[in-house]
Amino acid sequence: MRPDVPKEVRAGVSLSLSGAFGLQGEQALNGLRLWVEYVRGEGELPLGPAGSRLPLRLLALDDRSQAKLAKENVLRLLTHDHVDLLIGPYSSGLTLAVAPLAEAHGKILWNHGGASDAIFQQGWRHLVSVPSPASDYFRALPLWVKQQDPEASRISILYAKTGSFAEQVAHGVAESARAASFDLIRLTSFDSPIRSVRGVFSEALEPEPDLVVGLGSFQDDIAIVRQRKLFAGVRSLAVVAAGLAAFHMELGDLADGVIGPSQWEPGVPEEPRSGPDSAWFYSAFQRTFHRVPDYPAAQAFAIGVVLTDCLRRAASLGDES
């Protein structure tokens, strides 16, 4: 057990450093590492009486994008490492897998990487989240397309059957498409990973839509965009993965004009209530990791900022506090 007065604060996280979510998991881990460095630069964590501060240590385990391993990692962090702070994994499926464990142990799960609406519908008390819900990812898209092209009237939404994230994004798009007066709204589910893009498209592209939205894994979205020639007449194309810099690196010119959602973008005007602004984050991340940050890194850093502020206000490591 931890002593009554700890010498440090231990933050534990299970992240996908390999497997299907490895790209986003690495970004998230670097976002958390930068948060640790930021805390150290600010004089460690503000905690306890008379403004005392404690050093912060991050324990990270690889769940290989597997729910079973994510649960094993979280149990180890809770029962063996006795972490003071439990940070969630990347992806909605893995977050849904580990959240019941956090709830059972009375431990707050600081969620940066799970956006499915299902996460917020379970009534879990021990959950703090920063991402906007999945159903909002593309909610503004149909109206925006309609404003750019008033004649647009047909939308085709392709979404992966796996998990609840893609389905929730799809439902959000469909709801907003109806509100934007699209005449034809076609929803087509597919098995992930996509084995035959042509087979999926044969159903989704008849009649030819004005807007196509693809909702799958990073590699599913890459596969869809690689087949852009199959829907050359489609006026607008959107996929979730287009919000990541790696999307353009993978596809080159094929990525041009593809629309994507993002939880954060550098250069967007803001006045943060706590922590540094985006300019600091972008510069510090690039200087430290020699690459530009994507939104998975920003939202992981953001949960650290929220967490730090909560500790300062509570002056306690107790989860109920």
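The accessible surface of the protein comes to about 14900 Å², and 49% of that area belongs to carbon and sulfur atoms; accessible areas are computed by the Shrake-Rupley method with a 1.4 Å probe, and for residues only the protein chains shown count as cover. This is a predicted model, in which local features need pLDDT of at least 70 and side-chain atom pairs count only at pLDDT 80 or more, whereas totals for chains, interfaces and linings use all residues. Residues are numbered from 1 along each chain as its sequence is written, and side-chain values use heavy atoms, with hydrogens and water left out.

**The whole chain.** Display the cartoon: the protein has 10 helices and 11 strands (DSSP runs numbered from the N terminus, helices being H or I of at least four residues and strands E of at least two). Of the 321 residues, 51% are buried (under 20% relative accessible area; exposed is over 50%, partly exposed in between, with a 1.4 Å probe and protein chains only).

Select the open sheet with strand order 4-1-5-6-7, whose pairing is parallel (two strands pair if DSSP finds at least two bridges between them). Strand 4 (56-62) and strand 7 (127-129) stand at the edges with a single partner strand each, so one side of each has no neighbour in the sheet. Next, select strand 5 (residues 85-87) and strand 6 (residues 109-111), which run parallel and are joined by two bridges. Leu 86 has Leu 109 in strand 6 as its bridge partner.

Helix 10 (residues 295-314) lies across strand 5, strand 6 and strand 7, at about 140° to strand 6. Angles run from 0 to 180 degrees between N-to-C directions, with axes fitted to C-alpha atoms, for helices over the stretch in contact; contact means heavy atoms within 4.5 Å.

**The four-stranded sheet.** Move to the open sheet with the order 9-8-10-11, also with parallel pairing. Seven bridges join strand 8 (residues 154-160) to strand 9, where Leu 184 is the bridge partner of Arg 154. Helix 5 (residues 165-179) lies across strand 8, strand 9 and strand 10 (211-215), running at about 170° to strand 8.

**A residue in helix 1.** Finally, select Asn 30 in helix 1 (residues 22-41). Is Asn 30 buried or exposed? Asn 30 is buried, with a relative accessible area of 4%. Leaving aside neighbours within four places in sequence, Asn 30 is in contact with Phe 285 and Phe 289.
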